[in-house]
Amino acid sequence: MVRNYDRINAQPPEGINEKRAHILGGGIAGLAAAAFLVDDAHMPGTNVTVYEASGTTGGAMDSAGEAETGYKPRGHRELHASHECLWYLCGKVPSIHTPGATVLEETYDVNVREPIHSNFRLMARQGERHEVSGPLMSAEDGRKMLDLWLTPEEDLDGITLGDWFSPEFFNSVYWLCWSSMFAFWPYHSVMEARRYMLRYADLTGSNVGALEGILHPKYNEYQSFTLPLHNWLESQGVKFRTSTSVTDIAVSDQGGETVATGVTLRDADGKHRLQLTRDDLVFFTNGSIVQNATRADTTTVATLNRDTADRGVFTVWEKLAARDPRFGNPAAFLSDVDKTNFYTFMATITGDRTFHDHMEAKTGSKGSTGGMLSVVDSNWKLNLLPLGTYHPDQPADVHVLHGYGQLSNVPGNHVEKPMRECTGAEVLAEVLYHCGLKGKIAAILEHSKVHTAALPYITSQFMPRKISDRPKVIPEGCVNLAFLGQYVELPEDVVFTVETSVRTAMMAVWGLTGLEKPMVPMPQPYYDVRVLADNVKMMTGTDITADTLHTLVEGGSGREATASEAPTPAPAPAPTR
């Protein structure tokens with residue numbers, strides 16, 4: 001937790017007025033870097049330029065469309081109170097919806113008034129409740145999970161969840177709740193899964209099905225976070241060059257230092273080379289979970305983009321990594337689109353409350369307050385999120401439903417085609433079938449607009465890997481180049497969160513500018529004895545006693561272990577002072 005003592009307005013770093021910042025990528029990581037440069041490091045806003053390949057900023061935190069033609073965001077982010085870097089950022093930014101409030105204050109208020117609590121987490125058999133009670137996993141897998149907590153990360157290189165747990169584990173209640181909350185699959189990295197288990201131990205213990213602690217913004221993430229932040233940065237003088245992509249970054253070794261010496265950009269007028277000096281700071285988002293995404297609508301099909309010739313920032317990362325191993329190994333994440341994709345959808349239903357009245361009655365939750373609902377017997381592994389007022393301009397008679405399918409290559413249960421071959425109407429028909437509305441599909445479809453998105457790399461950051469496969473935020477020796485976002489090695493923290501993007505931006509700015517300000521510490525809920533006791537009880541089926549504490553120290557699988565092997569990931573970097 002951030003201490004008030006550390007919330008200082010640090011002195012401007014030496015020479016900050018003469019430095020320039022070039023932020024390559026206008027997602028939340030890039031926008032956060034701009035905010036920390038201007039507000040924390042005291043860099044003049046006019047010295048900061050954000051370059052973004054698309055026509056607008058926001059990256060994966062996007063939203064588009066309108067009620068008449070249908071809304072179409074590609075995803076939905078899960079938020080948590082422990083996202084300290086994100087909330088630190090949001091405390092700087094004025095809300096555009098709530099006069100006199102910051103984005104942090106607005107978000108806090110909406111969650112006090114409309115907290116998320118799931119009464120109906122899992123569904124099966126066309127609309128019936130799948131119970132989240134009894135043992136959450138077998139005793140064998142409980143022991144394996146305990147052992148995983150105690151295993152050092154360096155012993156987990158390249159190992160998958162399927163390698164670690166029994167086949168039975170992947171039908172357990174714990175897995176059904178946990179995997180759909182975070183979008184894991186058995187072939188994903190057990191190292192990354194372990195980080196999630198520790199990082200969110202307070203969310204995923206014995207009460208894993210309740211979703212208590214998950215937060216939501218006032219509206220969608222773009223309207224609630226991205227747009228207010230963009231507007232505020234513009235007011236500070238930050239410059240934006242949209243529809244401008246980076247195609248290469250030149251670096252050279254100079255007297256023991258690695259210096260970024262040039263950036264090649266491409267816009268409507270062609271390619272341009274930006275010459276850099278040591279005083280030009282480069283912040284590069286080296287991957288995007290929505291890279292090469294394609295969209296479709298009610299009557300069309302979103303084709304999975306398998307093109308490897310131009311993968312935007314991934315291609316730039318590949319060029320850098322080919323020159324120097326310090327910049328990571330993109331191939332570990334980008335080599336199997338069939339394992340890293342899933343499809344999302346959003347249905348906009350106008351003038352017909354059938355679906356939302358049906359789901360509110362079934363789940364006992366109003367609007368979006370029930371959180372995610374997972375369909376355990378769906379061939380597509382559907383996850384549904386009925387939403388309340390998700391857009392500021394959303395009319396009262398319009399209701400929206402967001403969701404995603406973890407498996408896009410198998411036929412549905414009702415629509416006998418893979419999700420990747422379905423139109424938006426067919427996707428919604430499959431959803432309505434699983435919700436117990438088979439007889440009303442045609443009538444609801446008459447009132448619906450459905451947008452889908454194919455996301456080839458959405459879970460690529462979860463693929464089995466080595467620690468060295470992701471570059472450090474500031475690779476060894478680099479003096480003016482930093483990496484941001486979801487494909488950066490961040491000890492203790494997890495990927496696929498907004499917090500990761502913001503934390504990497506904070507570390508990059510503090511590091512490259514030499515800002516003397518304490519780094520926001522990593523949350524470590526597993527050191528809370530209440531959280532630890534709850535998780536140990538879930539794993540072992542017993543309350544913590546002297547005997548179970550002894551077992552915890554010695555290791556869940558009977559191997560010899562020392563007290564130093566308590567569930568602690570690799571140490572975080574020392575705070576910048």
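This is a predicted model: local features need pLDDT of at least 70, side-chain atom pairs count only at pLDDT 80 or more; totals for chains, interfaces and linings use all residues.
Colleague: Which face of α16 carries exposed residues, and which residues are they?

Modeller: Helix α16 covers residues 529-540. Its buried residues are Val531, Leu532, Asn535, Val536, Met538 and Met539. They sit on the same side of α16, because they cover an arc of only 160° around the axis. The face turned away from that buried side carries the exposed residues Val529 and Arg530.

Colleague: How far does α16 reach from its first C-alpha to its last?

Modeller: Helix α16 has 12 residues. At 1.5 Å a residue, the expected reach is 16 Å. The model is close to that, at 16 Å.

Colleague: What phi does the residue just after α16 take?

Modeller: The residue just after α16 is Gly541. Its phi is positive, at about 80°.

Colleague: Why do the buried residues of α12 line one face of the helix?

Modeller: Helix α12 spans residues 354-363, and Phe355, His356, Met359 and Thr363 are buried in it. An α-helix has 3.6 residues a turn, so residues three or four places apart point the same way. Seen down the axis of α12, the buried residues line one face because they fall within an arc of 90°.

Colleague: Which elements do those buried residues of α12 pack against?

Modeller: The partners include both strands and helices. The strands are β15 (342-350), β16 (373-375), β17 (382-387) and β18 (398-405). The helices are α13 (424-434) and α14 (441-445).

Colleague: Which residue follows α12, and what is its phi?

Modeller: Gly364 follows α12. Its phi is positive, near 75°.

Colleague: At what angle do α1 and α8 pack, and how far apart are their axes?

Modeller: Two packed helices are described by the angle between their axes and the distance between the axes. Here the pair is α1 (residues 28-39) and α8 (residues 221-235). Their crossing is left-handed. The angle is about 40°, and the axes are 10 Å apart.

Colleague: How many nonpolar, polar and charged residues make the contact of α1 with α8?

Modeller: From α1 come Ile28, Leu31, Ala32, Ala34, Ala35 and Asp39. From α8 come Thr226, Leu229, Trp232 and Leu233. By class, the contact has 8 nonpolar, 1 polar and 1 charged residues.

Colleague: Is Phe225 buried or exposed, and what does it touch?

Modeller: Phe225 is found in helix α8. With a relative accessible area of 4%, Phe225 counts as buried. Leaving aside neighbours within four places in sequence, Phe225 is in contact with Met61, Leu79, Trp87, Cys90, Val103, Thr107 and Pro217.

Colleague: Where is Glu192, and is it buried or exposed?

Modeller: Glu192 lies in helix α7 (residues 190-199). Beyond four places in sequence, its contacts include Arg465, Arg470 and Asp493, along with Phe184 and Phe462. Its relative accessible area is 0%, so Glu192 is buried.

Colleague: Is Ala183 buried or exposed?

Modeller: Ala183 lies in the loop between α6 (173-182) and α7. It has a positive phi of about 75° although it is not a glycine. The cut-off for buried is under 20% relative accessible area. At 6%, Ala183 is therefore buried.

Colleague: What about Gln126: where is it, and how accessible is it?

Modeller: Gln126 is found in the loop between β6 (122-124) and β7 (128-129). Its phi is near 55°, a positive value in a residue other than glycine. Gln126 is partly exposed, with a relative accessible area of 38%.

Colleague: What distance separates the C-alpha atoms of Ala21 and Leu281?

Modeller: Ala21 is in strand β1 (residues 20-24). It is buried, at a relative accessible area of 1%. Its contacts beyond four places in sequence include Leu281 and Phe283. Ala21 and Leu281 are 260 residues apart along the chain, yet their C-alpha atoms are separated by 4.7 Å.

Colleague: Which residues of α4 are buried?

Modeller: Helix α4 (residues 139-150) has 12 residues and reaches 17 Å, close to the 16 Å expected. Its buried residues are Asp141, Gly142, Met145, Leu146, Asp147, Leu148, Trp149 and Leu150.

Note on methods
Residues are numbered from 1 along each chain as its sequence is written. Side-chain values use heavy atoms; hydrogens and water are left out. Helices (H or I, at least four residues) and strands (E, at least two) are DSSP runs, numbered from the N terminus. The expected span of a helix is 1.5 Å times one less than its number of residues. Buried means under 20% relative accessible area, exposed over 50%, partly exposed in between (1.4 Å probe, protein chains only). The arc is that of the directions from the helix axis to the C-beta atoms. Axes are lines fitted to C-alpha atoms, for helices over the stretch in contact, and angles run from 0 to 180 degrees between N-to-C directions. A crossing is left-handed if the near helix is turned anticlockwise from the far one by less than a right angle, and right-handed if clockwise. Contact means heavy atoms within 4.5 Å. Ala, Val, Leu, Ile, Met, Phe, Trp, Tyr, Cys and Pro count as nonpolar, Asp, Glu, Lys and Arg as charged, and the others, Gly among them, as polar.
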